[in-house]
Amino acid sequence: MFHCLIFGNVSETYGFPISRSPGIYRITHTLRNLGWDAESVDFFNSWSLEELKQLCKQRIGTNTKFIGISHLFIYNTISDKLYNFCKWIKTMYPDIDIISGSMAYPYIKCRYIDYHIAGYGELALEHLIKWLYSNGPKPKFVTQDHERQVIDAINEYPAFPMKNLYTSYESRDFLQPHEWLGIETSRGCIFKCSFCNFPILGVKGDYSRTAKDFEYYLKDVYESYGIHQYFVTDETFNDRADKVSKFADIVDNLSFQPYFVGYI
């Protein structure tokens with residue numbers, strides 16, 4: 001079984017004291033469904049570089065194929081710790097690939113990152129790892145920048161709309177009842193505001209997840225970890241009244257009371 005480590009490099013999530021961006025957990029969920037031993041390591045910026053090195057020494061083995069780094073948005077800079085971590089990985093484990101991902105194009109300079117996926121990455125990553133490790137066809141790269149090849153997932157491997165967004169967690173994710181989790185109710189926004197840099201705008205029709213999928217996720221997380229607090233990652237949660245009503249009906253019939261915040 002192939003193994004990988006996926007690090008969450010979100011420095012702050014919507015100002016909440018203990019919260020988790022959904023990105024790395026969607027990716028590890030996808031990889032596990034593909035038969036991988038995928039481990040999420042969150043709160044990257046709270047670890048020291050030495051702690052990260054020690055973790056990797058404990059986890060990396062002969063079946064480890066790549067290190068993943070999940071960003072929310074990244075711009076012109078990269079932290080010294082992340083840069084030095086990637087450099088150390090390439091020095092200690094030169095055969096292991098480093099794959100990063102974010103919703104935005106990676107305007108960063110780090111020659112130790114091999115591949116970057118821009119946009120919702122589930123399908124793009126599947127194509128990439130099948131090419132790298134299972135003799136699959138080569139994915140389409142849009143550019144090669146600073147020795148890093150980039151996949152435009154939004155246009156080349158669109159993972160939207162996605163009706164089932166259920167994400168599973170494992171005991172080694174160490175979820176605690178007081179934490180907040182990111183939750184998606186849809187991918188895409190019906191509006192097309194000129195100031196917005198969200199990549200999926202002006203959508204027609206219903207891009208939201210199914211009510212059953214939403215309900216199962218809330219119940220599973222509450223029953224397994226006692227978590228009931230969420231930040232909704234949708235660009236505009238209330239862009240459709242019928243979408244809000246669909247999820248409100250589910251919440252009204254739960255045996256517990258979840259709490260949500262998000263953009264409206």
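What covers the buried residues of α2? The cover includes β1 (3-8), β3 (37-41) and α3. This is a predicted model, and the notes below walk you through its helices first, then a few individual residues.

**Helix α1**
- Helix α1 spans residues 23-33 and is mostly covered, with nine of its eleven residues buried.
- The buried residues in α1 are Ile24, Tyr25, Arg26, Ile27, Thr28, His29, Thr30, Leu31 and Arg32.
- Covering these buried residues of α1 are elements that include β1, β2 (19-20), β3, β4 (64-70) and α4.
- Just after α1 comes Gly35, whose phi is positive at about 95°.

- In α2 (residues 49-59), the buried residues are Leu52, Lys53, Leu55 and Cys56.
- Looking down the axis of α2, you will find these buried residues within an arc of 160°, so they line one face of the helix.
- As a reminder of the geometry behind such faces, an α-helix has 3.6 residues a turn, so residues three or four places apart point the same way.
- Helix α2 packs with helix α3 (residues 80-92) at an angle of about 30°, and their axes are 10 Å apart.
- Angles under 35 degrees count as roughly parallel, and α2 and α3 are therefore roughly parallel to each other.
- The crossing in which α2 passes α3 is right-handed.
- On the α2 side of this contact are Leu49, Leu52, Lys53, Cys56 and Lys57, and these meet Lys81, Asn84, Phe85, Trp88 and Ile89 in α3.
- Sorted by class, the contact of α2 with α3 has six nonpolar residues, one polar residue and three charged residues.

**Helices α6 and α7**
- A further helix pair is formed by α6 (211-225) and α7 (residues 241-252), which pack at an angle of about 40° with their axes 10 Å apart.
- At that angle, α6 and α7 are therefore oblique to each other.
- Helix α6 passes α7 in a right-handed crossing.
- From α6, the residues making the contact are Ala211, Phe214, Glu215 and Leu218, while α7 brings Lys246, Phe247, Ile250 and Val251.
- The classes in the contact of α6 with α7 are six nonpolar residues, no polar ones and two charged ones.

**A buried loop residue, Thr185**
- You can find Thr185 in the loop between β9 (180-183) and α6.
- With a relative accessibility of 2%, Thr185 counts as buried, because buried means under 20% relative accessible area.
- Setting aside neighbours within four places in sequence, Thr185 is in contact with Ser208, Arg209, Phe214, Val232, Asp234, Phe237, Lys243 and Phe247.
- Two of those contacts also take part in the helix pairing described above: Phe214 on α6 and Phe247 on α7.

**Backbone features worth a look**
- The peptide bond from Phe160 to Pro161 is cis, and its omega is near -10°.
- Pro161 itself lies in the loop between α5 (153-156) and β9.
- Phe43 sits in the loop between β3 and α2, and has a positive phi of about 60° although it is not a glycine.
- The relative accessible area of Phe43 is 28%, so this residue is partly exposed.
- Asn135, in the loop between α4 (122-133) and β7 (143-145), also is a residue other than glycine with a positive phi, near 60°.
- Asn135 is exposed, with a relative accessible area of 78%.

Note on methods: Residues numbered from 1 in each chain as written. Predicted model: local features only at pLDDT ≥ 70, side-chain atom pairs only at ≥ 80, totals over all residues. Heavy atoms only, no water. Axes fitted to C-alpha atoms, helices over the stretch in contact; angles between N-to-C directions. Helix = DSSP H or I, 4+ residues; strand = E, 2+ residues; numbered from the N terminus. Parallel < 35°, antiparallel > 145°, perpendicular 65-115°, else oblique. Left-handed = near helix turned anticlockwise from the far one by under 90°. Contact = heavy atoms within 4.5 Å. Nonpolar A, V, L, I, M, F, W, Y, C, P; charged D, E, K, R; others polar. Buried < 20%, exposed > 50% of the residue type's maximum accessible area, 1.4 Å probe, protein only. Arc of directions from axis to C-beta.
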